[in-house]
Amino acid sequence: MDSIFSYYYDMQDKIEEMLYPSESFYILIINISKIYHFIDLGRYFLDRAIKCNNNVIRKIPKLESKYKRIDEKDYKYVVSILNDEYHKNNININDIDFFDLFEDEICFFLSLSSLIPKIDGYNKNDVIDLVNYVDRTYSYMLKKYEEYQKSDEENFKNKNNDIEFSSNE
């Protein structure tokens with residue numbers, strides 16, 4: 001994530017030094033702050049996944065299609081399957097909520113989703129694809145971030161209420 005962040009930061013400097021940036025660079029510079037925030041959200045989800053107390057790493061059989069398993073002996077991590085299917089556009093990011101996932105799996109999946117490719121910026125189609133990917137994933141990541149923040153705040157308040165209650169006794 002640090003490498004990707006640095007790459008796009010250097011790209012921003014390069015674009016800002018251009019007298020007349022091309023349309024592809026112009027699109028990139030307009031969206032650069034969203035890209036930075038997207039990567040930062042990925043860091044947040046990675047940290048949260050690491051801090052989860054769940055020590056279970058689930059594997060399931062690989063699937064050849066939605067209905068046929070390849071081999072019962074060939075297992076793959078749940079998060080890897082989700083990541084592959086998401087990048088192949090076989091599942092929508094909002095469908096993630098319908099899977100029976102642990103919090104650390106959701107967080108790890110979202111952190112993997114923030115690992116965007118390093119594009120050179122000259123190809124307009126690459127820039128548009130990157131911006132579209134960030135847009136379609138960013139809103140879901142932000143929604144999950146807000147849910148977790150609210151949950152953490154409620155847990156913190158409940159812990160403080162328990163402490164205050166026990167100290168008054």
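Visitor: What percentage of the residues in the chain is buried?
Guide: Before we start, keep in mind that this is a predicted model. Buried here means under 20% relative accessible area. Of the 169 residues in the chain, the share that is buried comes to 33%.

Visitor: Which pattern does the chain follow, read along the sequence?
Guide: The secondary structure comes to six helices and two strands. Reading along the sequence, you get the pattern α-α-α-β-β-α-α-α.

Visitor: Among contacts between residues at least 6 apart in sequence, what percentage joins residues at least 24 apart?
Guide: A contact means heavy atoms within 4.5 Å. Take the contacts between residues at least 6 apart in sequence, and the part that joins residues at least 24 apart is 70%.

Visitor: Let's look at some helices. Are α1 and α3 roughly parallel or roughly antiparallel to each other?
Guide: Helix α1 covers residues 2-17, and it packs against α3 at an angle of about 170°, with the axes 10 Å apart. Angles over 145 degrees count as roughly antiparallel. So α1 and α3 are, to each other, roughly antiparallel.

Visitor: How many residues in the contact of α1 with α3 are nonpolar, polar and charged?
Guide: On the α1 side you'll find Asp-2, Ile-4, Phe-5, Tyr-8, Tyr-9 and Gln-12, and they meet Ile-32, Ile-35, Tyr-36, Ile-39, Asp-40 and Arg-43 in α3. Sorted by class, the contact of α1 with α3 has three charged residues, one polar and, on the nonpolar side, eight.

Visitor: Is the crossing of α1 and α2 left-handed or right-handed?
Guide: Helix α2 takes in residues 23-30, and α1 packs with it at an angle of about 125°, the axes being 10 Å apart. The two helices α1 and α2 are therefore oblique to each other. As for the hand of the crossing of α1 and α2, it is left-handed.

Visitor: Which residues of α2 make that contact?
Guide: From α1, the contact uses Tyr-8, Met-11, Gln-12, Lys-14, Ile-15 and Glu-16. By class, the contact of α1 with α2 divides into six nonpolar, one polar and two charged residues. The α2 residues you asked for are Phe-25, Leu-28 and Ile-29.

Visitor: And how far apart are the axes of α4 and α5?
Guide: These are helix α4 (residues 78-87) and helix α5 (residues 103-113), packed at an angle of about 40°. That angle makes α4 oblique to α5, and their crossing is right-handed. The axes of α4 and α5 are 9 Å apart.

Visitor: Which residues of α5 make the contact with α4?
Guide: The α4 side brings Val-78, Val-79, Leu-82, Asn-83 and Tyr-86. Seven nonpolar, two polar and one charged residues take part in the contact of α4 with α5. From α5 come Glu-105, Phe-108, Phe-109, Leu-112 and Ser-113.

Visitor: Which residues do ring pairs link into a cluster with Phe-38?
Guide: Phe-38 counts as buried at 0% relative accessibility, and Tyr-133 is buried too, at 10%. Ring pairs link Phe-38 into a cluster with Tyr-86, Phe-109 and Tyr-133.

Visitor: Which residues is Thr-137 in contact with, leaving aside its neighbours within four places in sequence?
Guide: Thr-137 is found in helix α6, and with a relative accessible area of 0% it is buried. Leaving those neighbours aside, its contacts are Phe-38, Tyr-86, Ile-93 and Ser-113.

Visitor: Last one: how far apart in space are Asp-47 and Ser-111, C-alpha to C-alpha?
Guide: Asp-47 lies in helix α3 and counts as partly exposed, at 43% relative accessibility. In sequence, Asp-47 and Ser-111 are 64 residues apart. In space, C-alpha to C-alpha, Asp-47 and Ser-111 are apart by 8.9 Å.

Methods:
Residues numbered from 1 in each chain as written. Predicted model: local features only at pLDDT ≥ 70, side-chain atom pairs only at ≥ 80, totals over all residues. Heavy atoms only, no water. Axes fitted to C-alpha atoms, helices over the stretch in contact; angles between N-to-C directions. Helix = DSSP H or I, 4+ residues; strand = E, 2+ residues; numbered from the N terminus. Parallel < 35°, antiparallel > 145°, perpendicular 65-115°, else oblique. Left-handed = near helix turned anticlockwise from the far one by under 90°. Nonpolar A, V, L, I, M, F, W, Y, C, P; charged D, E, K, R; others polar. Buried < 20%, exposed > 50% of the residue type's maximum accessible area, 1.4 Å probe, protein only. Phe/Tyr/Trp six-rings, centres within 6.5 Å; stacked < 30°, edge-to-face > 60°.
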